Amino acid sequence: SCIHTGNCFLPISEVIAVEETELNKKQRNIGKWQKMTKPHAFTVYYVKKARNHRWRCSDVTFWCADEHLCNQWIQVLKELLEMQKSRPKQLLVYINPYGGKRQGKRIYEQKVAPLFSLASISTDVVITEHANHAKDNLFEVNINKYDGVVCVGGDGMFSEVMHGLIGRMQKDSGIDQNNPKAPLVQCNIRIGIIPAGSTDCICYSTIGISDPVTSALHIIVGDCQPLDVSSVHHNNTFLKYSVSLLGYGFYGDLLKDSEKKRWMGPIRYDYSGFKTFLSHHYYEGTISFQPAKHTLGSPRDKDSCRTGCYICKKSEQQLAEQRNECGLKHEEDEEEWKVIKGKFLAINAVNMSCACPRSPKGLSPAAHLADGSTDLILVRKCSRLDFLRYLVRHTNQDDQFDFSFIDVFRVKSFQFASKLSEDNESSVTDIGKKRFGQFCRDHPACCCHIANSTWNCDGETLDSSAIQVRVHCQLMKLFARGIEENSKDEAAYYQNNIEQLL
């Protein structure tokens with residue numbers, strides 16, 4: 001199940017296609033093949049791994065004098081490829097022609113479509129014409145005819161496809177999404193992301209690079225990466241799903257300001273970030289949460305989520321065992337809730353590291369993609385200088401949680417209510433009513449002019465300041481592999497693949 005290309009052994013799992021090759025006269029006169037009266041050849045297209053997690057399509061051509069032997073090789077290799085059952089044969093593709101630099105259609109047609117064609121993947125392509133076009137369409141199509149759904153665009157396009165697919169699955173199963181305690185049905189149809197937007201955080205955190213060709217090759221070889229999804233509710237009404245960042249305070253204010261400046265392009269995030277930093281607004285509120293006791297890791301350890309993550313697998317198993325023993329109702333209602341109240345510059349909940357080129361470690365370097373938890377980061381009121389020191393640590397190797405004003409917890413659900421919502425008796429849940437204490441009222445009057453922030457939910461604004469959040473373990477799957485180890489460990493990676501195949 002491996003091919004020797006002369007330089008290395010190549011696992012069949014990373015072969016893209018095999019084709020018979022027509023040789024012209026010039027090729028026939030090259031080197032030792034010129035002695036053959038009628039040489040025959042076939043070409044193997046495969047994944048070639050470059051630096052920084054970048055993948056490229058490479059090829060090698062094999063020649064031989066025996067036509068029958070050549071055809072045998074082609075037949076055997078094609079049969080081996082057919083045995084790769086995880087590979088998609090039929091894909092539904094949504095392209096956002098307006099996102100980012102409006103390059104989605106060009107990127108797909110020039111870089112992705114030829115690779116899908118080479119791999120014999122059939123596609124139905126939909127060019128979206130307005131917001132929620134893909135989401136609405138996913139409620140209407142015959143979803144069972146597809147092996148996966150691909151979105152071409154930024155994180156916003158992915159969010160739209162994700163909401164459509166999860167919503168469709170719940171609708172077909174009779175699940176009420178407005179019930180915050182409803183056990184949601186897992187989505188077995190994988191989503192592929194071809195990055196073509198202003199922000200491609202999810203690609204970067206699940207593959208290690210934001211690159212259309214690399215993402216297309218992950219789809220072709222049939223990679224599968226489970227992904228946790230958080231549901232967000234307000235007063236028993238469903239609001240949004242989140243897979244990366246839920247941010248209140250700094251990141252919420254930044255997003256709200258940047259939305260007014262979309263004409264500036266991606267630079268708007270830098271401008272709004274600097275403006276939000278200078279404003280230095282803090283917000284009073286109370287947050288209650290359930291610790292994720294089923295997880296093996298913690299936000300402060302050094303165990304990053306990587307391909308085939310042991311922590312994700314074991315945490316998912318332990319969570320399933322807990323639910324089998326206690327039942328979901330006991331888990332939601334009886335387990336201990338911890339309560340923290342105070343003044344916060346930022347409240348961040350991340351399901352993944354949220355790494356990006358500017359912040360290679362992300363907001364929580366040890367966050368895991370599929371362990372059934374989110375890392376809750378509380379940034380208490382502090383000086384501008386201290387807050388700047390915290391932000392700078394996102395760009396270097398220092399421990400960004402090593403500050404007296406930072407608290408971080410790994411949780412499976414949490415609730416938040418701002419001071420204003422509590423004063424208006426707009427509580428989140430009955431649990432919140434019982435547990436939320438009195439808020440601090442000793443702040444200067446000059447800071448009262450802004451009572452509430454906005455939630456940043458995967459790059460989209462949510463105006464409800466009082467929310468319930470619950471993590472659904474491995475609710476969906478991506479055409480991704482997780483981030484592989486560095487290139488220095490790649491020889492060991494190939495060796496492991498070969499041993500498993502043999």
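Modeller: A nonpolar core is here a set of buried Ala, Val, Leu, Ile, Met, Phe, Trp, Tyr and Cys residues joined through side-chain atoms within 4.5 Å. The model is a predicted one, and what follows is computed from it. By that definition, the largest nonpolar core contains 65 residues, and Tyr-94, Phe-158 and Met-476 have the most contacts inside it. Helix 5, which spans residues 155-172, gives the most to this core, with 7 residues. A separate core of 27 residues lies apart from it and includes Val-112, Ala-196, Leu-217 and Val-221. As a general background, nonpolar side chains in soluble globular proteins tend to be buried together.

Leaving aside residues up to four places away in sequence, Met-476 touches Phe-158, Met-162, Cys-187, Ile-191, Gln-225, Pro-226, Leu-227, Val-229 and Val-243.

The wider setting is as follows. The protein has 15 helices and 19 strands, and 55% of its 502 residues count as buried. Among contacts with a separation of 6 or more, 78% are between residues 24 or more positions apart. The accessible surface comes to about 23,200 Å², and carbon and sulfur atoms account for 48% of that area.

Among the strands, strand 14 (residues 338-350) is largely enclosed by the rest of the structure, because 10 of its 13 residues are buried. Strand 15 (residues 374-380) runs antiparallel to strand 14 and is joined to it by 6 bridges, with Leu-376 as the bridge partner of Ala-349. In a regular strand, the side chains alternate between the two faces of the sheet.

The whole structure holds 15 aromatic pairs. Tyr-108 and Phe-116 make an edge-to-face pair, with 6.3 Å from centre to centre and 65° between the planes. Both partners are under the 20% limit for a buried residue: Tyr-108 has a relative accessible area of 5%, and Phe-116 has one of 1%. The pair formed by Phe-387 and Tyr-390 is stacked, because the planes lie at 25° with the ring centres 6.1 Å apart. These two residues are 3 residues apart in helix 12 (residues 384-392), so about one helical turn separates them. Phe-387 and Tyr-390 are both buried, and they belong to one aromatic cluster that also contains Phe-250, Tyr-251, Phe-277, Phe-403 and Phe-405.

Finally, the cysteines. The number of disulfides comes to 0, the criterion being a pair of cysteine sulfur atoms within 2.5 Å. For Cys-473, the closest cysteine sulfur is that of Cys-312, and at 8.1 Å it is too far for a bond.

How values were computed
Residues numbered from 1 in each chain as written. Predicted model: local features only at pLDDT ≥ 70, side-chain atom pairs only at ≥ 80, totals over all residues. Heavy atoms only, no water. Buried < 20%, exposed > 50% of the residue type's maximum accessible area, 1.4 Å probe, protein only. Helix = DSSP H or I, 4+ residues; strand = E, 2+ residues; numbered from the N terminus. Pairing = 2+ DSSP bridges. Contact = heavy atoms within 4.5 Å. Areas by Shrake-Rupley, 256 points an atom, 1.4 Å probe, with all protein chains shown as cover. Phe/Tyr/Trp six-rings, centres within 6.5 Å; stacked < 30°, edge-to-face > 60°.
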